[in-house]
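Here is a short briefing on a predicted model.

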Amino acid sequence: MNYEAVIGIEVHAELSTDTKIYCSCANKFGGEINTHCCPVCTGMPGTLPVLNGKVVDYAIKAGLAMNCDINKNSKQDRKNYFYPDLPKAYQISQFDLPLCKDGYIDITVDGEKKRIGVTRIHIEEDAGKLMHDVTPDSSLIDYNRCGVPLIEIVSEPDMRSAKEAEEYLNTLKAILQYINVSDCKMQEGSLRCDVNVSVRPVGQKEYGVRSEMKNVSTFSGVLRGIDYEINRHIEILEAGGVVEQETRRWDDGKGISVSLRSKEDAHDYRYFPEPDLMPIIIADEKIEKLKNELPELPHIKRDRYMEQYGLPEYDATQLTTLKATADFFELVIAAGASPKAASNWIMGDIWRIMNEKYMLIEDLPFSAKQLADMIALIDSGTISNTAAKQVIENMFETAKDPAVIIEDLGLKQVNDESEILSIIDTVIEQNPKSIEDFKGGKGNVAGFLIGQVMRMSKGKANPQTVNKLINEKLAKL
Amino acid sequence: MKITEKEVEYVAKLARLYVSDEEKEKLTKDMSAIIEFADTLSKIDTDGVAPAAHAIPVQNVFREDVVKDSYKRDDILKNAPEKEAGCFSVPKVVE
Ligand SMILES: [Zn+2]
């Protein structure tokens with residue numbers, strides 16, 4: 001039988017506010033253990049949480065960027081459960097009135113557009129960090145992360161493959177980074193996913209029984225986990241078994257998922273309105289203001305790059321995934337470079353060298369204007385493409401203007417025909433055999449001679465001119 | 001609405017409370033009385049009244065996103081029943 005997978009994803013994204021959600025402790029990764037803590041975020045009795053206004057703004061921005069309706073009347077609720085990473089024994093979250101609902105994200109998979117529904121986005125607090133391996137008989141807790149603001153973005157079960165899930169997550173991450181509400185650093189746990197997977201025979205309307213993988217902290221883990229679960233479900237069904245509705249943990253090292261909790265332990269969170277926190281009422285003016293603050297979003301930018309600059313979809317997608325890259329690219333164009341040349345240099349040599357140096361585009365030592373200048377020097381024939389590669393390498397080292405580097409390294413292209421002709425004559429003199437070969441109709445003699453001329457000119461001869469002159473010369477023989 | 005002993009057991013389990021049989025019997029009575037009292041509220045005509053989570057008309061209580069000093073680690077750990085290596089320490093929990 002043929003099966004179809006049904007996938008829904010809940011993404012927890014840490015917001016990049018300065019302070020935590022309900023107290024003024026710093027929201028900062030990597031501090032000394034238990035030094036970003038106060039009585040509020042460690043859940044001491046008698047303390048009063050006060051909501052960070054920026055958390056509301058950020059969540060609404062995320063909602064608007066994901067085409068959600070904003071709930072003008074929203075509240076916070078207690079979600080009750082016992083786990084020591086949560087000192088109050090409840091998490092403040094949102095139950096029936098999330099800040100944002102009914103949105104969507106458009107993704108492109110293999111050139112086809114697909115719309116993935118966003119059921120809701122709500123605000124909540126993160127939990128502390130448990131360490132099980134430090135001491136033999138106890139678990140240790142660092143509450144620095146406790147109370148860090150999160151948004152939970154819940155998708156509809158609209159995805160049908162790991163590939164679609166990958167596109168959804170990439171797009172979602174790009175949006176959050178563009179609107180600057182989360183740094184999305186997966187290695188720091190800023191983005192974590194719960195993944196729901198079920199399968200059903202192709203054509204069946206009803207969903208199959210789903211399993212949920214909690215707290216997957218890498219995109220590759222999500223994708224491998226999805227494929228693993230799809231296969232596991234299909235195997236169970238093919239063997240005539242029944243898939244259990246359960247929570248599982250993705251073990252990235254072993255590449256398997258393992259069952260966490262059995263059914264009889266099903267959670268009853270007993271949500272109720274948080275009595276310490278007042279309702280959140282959102283005015284239309286506020287929504288309008290936040291909407292106006294949104295930048296051009298990645299997929300819209302990508303479409304514009306294809307339309308306005310005539311870039312291929314691949315280039316347009318690559319250049320718009322990170323806002324910093326797109327910003328740099330647009331500055332290069334604004335400084336006069338052609339979009340295709342700018343795109344080729346950024347996605348080619350610049351990214352290669354950046355990778356070698358573990359560098360971000362924000363850290364480039366040279367400016368967009370300097371790159372545009374270099375491209376102009378290629379266009380005007382002052383340097384060859386080959387020489388330009390040396391110039392770029394040097395710009396990474398010295399951050400000097402390309403014109404200066406060309407002077408320093410003597411990379412100026414030789415366009416003068418008589419100068420090039422004299423090199424050609426020397427080369428032909430030194431390679432009498434190649435001329436015999438040519439007369440005998442053997443091999444690619446022109447190619448060989450061009451190579452020799454370029455070599456003798458140390459790459460500085462204009463290759464087009466060399467090509468032309470050599471072919472003229474050979475034609476006369 | 002009547003509360004059963006089973007429901008008391010369930011709620012006690014969720015709250016991680018141990019209750020003796022005697023207490024269970026008493027709690028069943030008490031909780032039934034409380035719920036029945038709440039039932040009288042449902043007799044009120046609430047047609048056209050929007051549901052509210054709070055009784056007082058206060059909304060949008062926000063704080064500026066400005067960092068203030070946290071507690072010193074030794075101070076924040078003063079209320080910890082057990083501590084070790086700068087951490088709160090609890091009986092081993094492994095999922
Ligand atoms: Zn705090």
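Two salt bridges cross the interface of chain A and chain B. In one of them, Arg73(B) pairs with Glu32(A), with the closest N and O atoms 3.9 Å apart. Polar contacts between chain A and chain B amount to 29 residue pairs.

**Chain A side of the interface**
- β2 (51-52), α1, β9 (129-131), β10 (138-142), β15 (256-261) and β17 (280-281) of chain A each supply at least two residues to the side that touches chain B.
- β10(A) gives the largest share, four residues.
- By type, the side of chain A that touches chain B has 30 nonpolar, 13 polar and eleven charged residues.

**Extent of the interface**
- The contact takes 54 residues from chain A and 35 residues from chain B.
- About 3900 Å² is buried between chain A and chain B, and carbon and sulfur atoms give 58% of that area.

**Nonpolar cores**
- The largest nonpolar core holds 81 residues. Ile9(A), Ile151(A), Ile153(A), Tyr168(A) and Leu176(A) touch the most other members.
- Helix α1 (residues 53-65) of chain A gives the most to this core, eight residues.
- Beyond its neighbours within four places in sequence, Leu176(A) is in contact with residues including Ala13(A), Ala62(A), Met66(A), Ile151(A), Ile153(A) and Leu191(A).
- A second, separate core has 41 residues, among them Ala316(A), Phe328(A), Phe329(A) and Ala342(A).

Key:
Residues numbered from 1 in each chain as written. Chains lettered and ligands numbered in written order. Predicted model: local features only at pLDDT ≥ 70, side-chain atom pairs only at ≥ 80, totals over all residues. Heavy atoms only, no water. Core = buried A, V, L, I, M, F, W, Y, C linked by side-chain atoms within 4.5 Å. Buried < 20%, exposed > 50% of the residue type's maximum accessible area, 1.4 Å probe, protein only. Contact = heavy atoms within 4.5 Å. Buried area = accessible area lost by both parts, 1.4 Å probe. Salt bridge = Lys/Arg side-chain N within 4 Å of Asp/Glu carboxyl O. Polar contact = N/O pair within 3.5 Å; in protein donor to acceptor, adjacent residues only side chain to side chain. Nonpolar A, V, L, I, M, F, W, Y, C, P; charged D, E, K, R; others polar.
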